[in-house]
Amino acid sequence: MQDRYLHEVEVLRSKLRELRGGVDGKRLRQRSESEPGAGFGGSCQDSSWEPKRARDGSPGLTENLNCCYIEDTKCSSYAQHQSEPSVSHSSRLEVMHVHKPSVHRGHNTKILHFPVSSKTVIGKHSSDLHDDDDASLSSDSDFADSERTCGSGEDGDSKGEPGEDSEEDDQSVLSSLTTISNDSNTPSVVGETLGSISLSDHAHRKVIPVTSMIETKGLPGCLRMSLFSYVPPYIHFTMHDVKGEGLPAEIQRHMKWKLSTITPLVIRRTLVNSGFRLVRKSNDWCGTWGKHMKSLCFKTLKEFQKINHFPGTFQIGRKDRLWKNLYRLMTKFGKKEFGFIPRTYVLPQDSKLLRQAWEKSCGKEKWIIKPPASARGTGIKVVHRWAQIPKKRPLVVQKYISQPYLINGSKFDLRLYVLVTNINPLRIYIYDDGLVRFASVKYSSDMASLGDRYMHLTNYSINKMSSQYTQNEDATACQGHKWTVKTLWTYLEKEGVDVTALWNSLVDLVIKTIISGESSINQLTRANLVSRYCSYELFGIDVLLDETLKPWLLEVNISPSLHSSSPLDLAVKGPMVRDLLNMAGYQVPNKLLIAQQEEILSSFGVKDKTIPLCFDKRLYITALSKEERNKHSFYQQNCSREEYLEDILKHLTPDDVRHLIQSEDELTQAGRFLKIFPTTATHMYHEFFEAPRYYNMMFDAWENKYSGNRQEGIELLESLCLQKAHLVIPVPGGLTKSSASQSKTFPTSPSPPPAHEEKYETQPVVESRKVQCLSSVALYRAARPRSGKFSVVLKPYPRSAYLTRKAKPSITPAKTSSSAPTNSVIEVQSSSHPTLDDHPVKEVASY
Ligand code: ADP
C-alpha cells in the first residue's frame, strides 16, 4: 500500500510539474475562472490533463521501487543515478510517458538537484563554514571533539549520571517547569557508541540496505519539492550513515542546528549528512532537539524555528497528570474505553482513597510506587505492605500488573514511537517498529521476590547492570534481553496470537492517550506558539501486556531516548529519525536576498516561478479571517458527521488549503510511520475531545473523500495553489487580502519580516472572486435551510456576538459535555479555562 501510494504521489508530482512547466498552469487557471463552481473548492475534471492513477498500469513497479542500491557517497549525484540503467527509473519514466511522451523526468523528481558544475559552491561538510558568532560543528572531527567534551549522559539532566548511557529510559519530566538549556556553550552530549558500530566514517560510507522508499527509489538530493505550487521545498534528510549531496554554501550557512544537552548522536549524524551545521552558540538556529521547556519559553521561538516539543505535553508526560487526564475520560466514557491504565493514586491527595482500596483488598494486592515525574526506573519499587508507602512526599501508587505475559519466563514491556505533527488538527503517526525490553531475571509472583528489580522492572538502565543481562545485536533475532517490536510480532504469530488485533488495540490506546492531553496542549499551543511551523513531538509510549495480552499503558515519555548503543537500537532508531525529520518538514530560512535565491534556483536548473526557495511564514499562520472563523463556528456547533461530511469541503478557505497541503506533503514522507489519526475510521474518537474541533471534522471529511484516491485530492489542492489560494492571509481589520505578487518577489531584507508585517498585507487581492467566494461561505450558511438540528443561524457576526452566544444543547451525550462551542470562544476564555486540577477526580465503580 505504502509503495503504491508513494508511487502514485510520484506520478502525480510529475504531472503537476508538467502542468506548471508545460502549460504554466494556464489550463487550470482558465478552467477555474471560467466554469461555474470551479473556483474555491471547484474540482477540476478536465480529462485531457487528469493524470491516470498509477494503479492503471505499472506492473512490477512496486517490485522495482523496492530495489536497493549501494551508493558510493564520494561520487554520488542525481545525474549519475539518472544515467545509470536503473530499472526503477525507467519503469517510472514509462508510466509517465504513457500520458505525455514529451516529458522528461529530470525536473519531475521531487528532489531538487543542483549540478556540480554550477556557479554555486556545493557545501561540503567542512569545518570552514563558520559564522562569526557560531561554533559550528559539521565535521567528524568536530563530533569527536564534542564527544570528548561531554560530561554527562545522553539525558544530561540532573538525574543523569555522568557518562551514563541512559538508553530508552528517558530523562525525567521533573515538572512543567523543566527548561531547555539555552546557554551559549552547551556541550553536546554523547555517551553513545555509534562509532563502534562503524557510523563514523563519512567518506567511505555505503548505503546499507534500508526499507525506506527514499533510498530504494535512488533519488539522492538535498531539497525535496512540495507537491504544491508556491510552497517552498523541504530539506531532504538522509540516513545517519548516508552522506547526502550537501547544500550550496549560501543555503548551508543558514541551516544552523542548535545542539542541546540531549541531542542524540544519531540525530547529529543525520543532520550533518543532510547539510545542517551544528552550532552551540547562535540565536538564529532553525532547528533543535532538546528537553521540554516551559510553555512561556515557546513564545521566544521565531517563525522559522522548529523544536521537537509542543507546549503542555507534560500533561501526558508526567505520570500523575497522565493518570488524571485519563481518569477524567474514564469517568466520562467508562472503563471499557479508558481502562487501559492501571488504577493509580496520586499522593498525598489520594491518600484516603488509597487507604480504602488497600483495606478492600485486605492487603493482598501488589502495588508499584513511582515518583510522579522521573524515568529509568528511578525511585520505583514494588510493594505489598502499607508501611512501605511514603505518605507525605508526592508519589504515584499504581496497581501492579502481577500477571504479565511472559516470554521464556520473563516479563517485558514495549516501547512504541509515536509522532504528533500537529495538535489541531490532530495528526498522529506510529512507527511500525519499536523496542521490546525484557527483565533479566525470570518472573515469579512470589511476594518474597518483590524486591528484585531485575525481575519486576524492565528498564534497560536497570537490567544492563544485571549479571544475567545479555545483549542482542541482531535486530531480526528473538534472543537476548532486547528485541525489536517486529520480531516480537513474528514470535507471537508463531504462538498463534492474533497480532493484528493486538496492534489495533495498541493503536487505540495510543490515540486515546494523546487525546487525553489534547485540550491542554492545544490551549497552550495556541497561547504560546507564534507559528504552526514551530513544533512537532516524538513520544515514547511504554506498554505492558498482561497474560491475556491486554495492553496496559505504563507511561508516556516526552523525550524518548534516541540513544543507540547497539546495532539493534540503531536499526530501529536510525530510519525512524530520518523519517521523522522528513515529516517535520524543515525549510530554508527566509534569509537570502532575492538575487541569491534566484541564482541558487537557476543553478538548480529551476526556471519554474511556482517553486520558491525559502520559508514562507504565511503558510503557517494561525490567524483566521472573519469568514474562516464563521466557518469554524458553524461546524463546531452541533453539526453531525453526516452533515459536515456533506459540505465542509465544498468551500475551502485559504486556511483550510494551507492545512491540507501540509498534511499531504507530510504524508509523502511518512516512510515507516503509519498515520493513525485522522483516518477514515477515527471519527469515532471525536467524542473524546473536550470540544468539537473544526479541523478534525474537516480532515475526517477529507480522509473520507480522498483516502481512496489521494491524487484527486492533491490535484484539487494544486489547482487552488496555482491560484495562490493558500497565500491569502487575513489582515487584522478582518478583510482577506492576498500577497500574490509578494510571492513572486523575494524579500530584500536578509532578516525575515515580523509577523503580520504590513507589506504582506498591502498587496493587491489575487482575485476578487476568491474573496467573494469566502464571504459567501458565511452568507450561504446563513441563508441555507438546514435540518432542525441546526438551530444556530450563522451570520458574519461581529466578534462580540460570538462571545455572548450560548452553546446549544447538543445531539449526542458526548457532545452535551462539550461546552466550548467555537474556536473564538475558546480563544478568549483561555485564561479561565478549567485546569486539569479543576476536574473532580471521582472513584470509578469497580475499578
Ligand atoms: P520509568 O519512567 O521510571 O521507566 P515506568 O512507569 O515505565 O517508570 O516503570 C518502570 C518499569 O516498571 C516498567 O518498565 C515496568 O517493567 C514496571 N512497571 C511499571 N508500572 C507497572 C505496573 N503497573 N505493573 C507492572 N509493572 C510495572
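Is R693 buried or exposed? R693 has a relative accessible area of 5% and is therefore buried; buried means under 20% relative accessible area, exposed over 50%, and partly exposed in between, with a 1.4 Å probe and protein chains only.

The model is predicted, so local features need pLDDT of at least 70 and side-chain atom pairs count only at pLDDT 80 or more, while totals for chains, interfaces and linings use all residues. Residues are numbered from 1 along each chain as its sequence is written, and side-chain values use heavy atoms, with hydrogens and water left out.

**First selection: R693 and E518**

Select R693 together with E518. Their side chains meet in a salt bridge, at 2.7 Å from N to O; the term denotes a side-chain nitrogen of Lys or Arg within 4 Å of a carboxyl oxygen of Asp or Glu. E518 belongs to helix 17, whereas R693 is in the loop between strand 19 and helix 23 (694–706), and the pair links parts of the chain 175 residues apart. Helices (H or I, at least four residues) and strands (E, at least two) are DSSP runs, numbered from the N terminus. With 1% relative accessibility, E518 also counts as buried.

Next, display helix 17 (residues 499–528) with helix 16 (residues 485–494). Their axes come within 10 Å and cross at roughly 135°. Axes are lines fitted to C-alpha atoms, for helices over the stretch in contact, and angles run from 0 to 180 degrees between N-to-C directions. Helix 16 and helix 17 are therefore oblique to each other; angles under 35 degrees count as roughly parallel, over 145 as roughly antiparallel, 65 to 115 as roughly perpendicular, and the rest as oblique.

To see the contact (heavy atoms within 4.5 Å), select W489, L492 and E493 on helix 16, and V499, L502, W503 and L506 on helix 17. These residues comprise 6 nonpolar, no polar and 1 charged.

Now turn to R672, which forms a salt bridge with D432, their closest N and O atoms being 3.0 Å apart. R672 lies in the loop between helix 22 (654–667) and strand 19 (673–677), and D432 in strand 15 (residues 427–438), so the pair ties together parts 240 residues apart in sequence. Both R672 and D432 are buried.

Select R578 and D579, whose salt bridge has its closest N and O atoms 2.7 Å apart. The relative accessible area is 0% for R578, which is buried, and 1% for D579, which is buried.

Finally, select D413, R415, R437 and D542, which are linked in a network of salt bridges. The structure holds 26 salt bridges.

Definitions and conventions
Nonpolar A, V, L, I, M, F, W, Y, C, P; charged D, E, K, R; others polar.
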